[in-house]
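Student: I would like to go through this model with you. Please show the sequence and the structure before we start.

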Amino acid sequence: MTFIIYLIVTAAIVFVPYYIGKLANKVIPLTNDWYGYWYIGLMYCFMLSGVVTFIIITSNGVINLIK
C-alpha cells in the first residue's frame with residue numbers, strides 16, 4: 001500500500017509540472033522539448049505555492065487585525 005502511494009506521488013511530481021509547463025508554453029512559447037516543459041511547470045508550481053503561502057499569511061494577519 002505504501003509503495004502505491006509513493007508511486008502516485010512520484011507520478012504527480014513528474015507529470016503535474018510537465019502538463020502545467022505544456023499549457024504555459026502555449027501562452028508564451030519558450031521551449032519545444034519535454035524537459036523544458038517540465039522546468040517551466042516546476043517554476044510555475046513554486047511561484048503558485050509562494051503566492052498561496054503569501055495569501056494565507058496575510059489573510060491570517062488581516063483576521064488578527066480585525067479581531
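Student: Are Tyr-18 and Tyr-37 buried or exposed?
Tutor: This is a predicted model, in which local features need pLDDT of at least 70, side-chain atom pairs count only at pLDDT 80 or more, and totals for chains, interfaces and linings use all residues. Residues are numbered from 1 along each chain as its sequence is written, and side-chain values use heavy atoms, with hydrogens and water left out. Relative accessible area is the criterion: under 20% is buried, over 50% exposed, and in between partly exposed, with a 1.4 Å probe and protein chains only. By that rule, Tyr-18 and Tyr-37 are both buried.

Student: How many aromatic pairs does the structure hold?
Tutor: Rings of Phe, Tyr and Trp (its six-membered ring) pair if their centres lie within 6.5 Å; planes under 30 degrees apart are stacked, over 60 edge-to-face, and the rest tilted. On that basis, the number of aromatic pairs in the structure is four.

Student: Why is the pair of Phe-15 and Tyr-19 stacked?
Tutor: The ring centres of Phe-15 and Tyr-19 are 6.4 Å apart. Phe-15 is partly exposed, at a relative accessible area of 44%. The pair counts as stacked because its planes are at 25°.

Student: What kind of pair do the rings of Tyr-18 and Tyr-37 form?
Tutor: Their centres are 5.7 Å apart and their planes at 70°, so the pair is edge-to-face. This pair links distant parts of the chain, 19 residues apart, with Tyr-18 in helix 1 and Tyr-37 in helix 2 (residues 34-66). Ring pairs also link Phe-15, Tyr-18, Tyr-19 and Tyr-37 into a cluster. The kind asked for, for Tyr-18 and Tyr-37, is edge-to-face.

Student: Which residues is Asn-25 in contact with, leaving aside its neighbours within four places in sequence?
Tutor: Asn-25 lies in helix 1 and is buried, with a relative accessible area of 9%. Contact means heavy atoms within 4.5 Å. With those neighbours left aside, the contacts of Asn-25 are Leu-30, Thr-31, Tyr-37 and Ile-40.

Student: Where is Asp-33 found, and what is its relative accessibility?
Tutor: Asp-33 is in the loop between helix 1 and helix 2. Helices (H or I, at least four residues) and strands (E, at least two) are DSSP runs, numbered from the N terminus. Asp-33 counts as partly exposed, and its relative accessibility is 23%.

Student: How far apart in space are Leu-42 and Ile-57?
Tutor: Leu-42 lies in helix 2 and is partly exposed, with a relative accessible area of 23%. Leu-42 and Ile-57 are 15 residues apart in sequence. From C-alpha to C-alpha, the separation is 22 Å.

Student: What radius of gyration does the protein chain have?
Tutor: The secondary structure of the chain comes to two helices and zero strands, and its C-alpha atoms fill a box of roughly 50 × 40 × 10 Å along the principal axes. Of its 67 residues, 13% count as buried. The radius of gyration is taken over C-alpha atoms, and the globule rule is 2.2 Å times the number of residues to the power 0.38. A compact globule of 67 residues would have a radius near 11 Å, whereas the protein chain has 17 Å.
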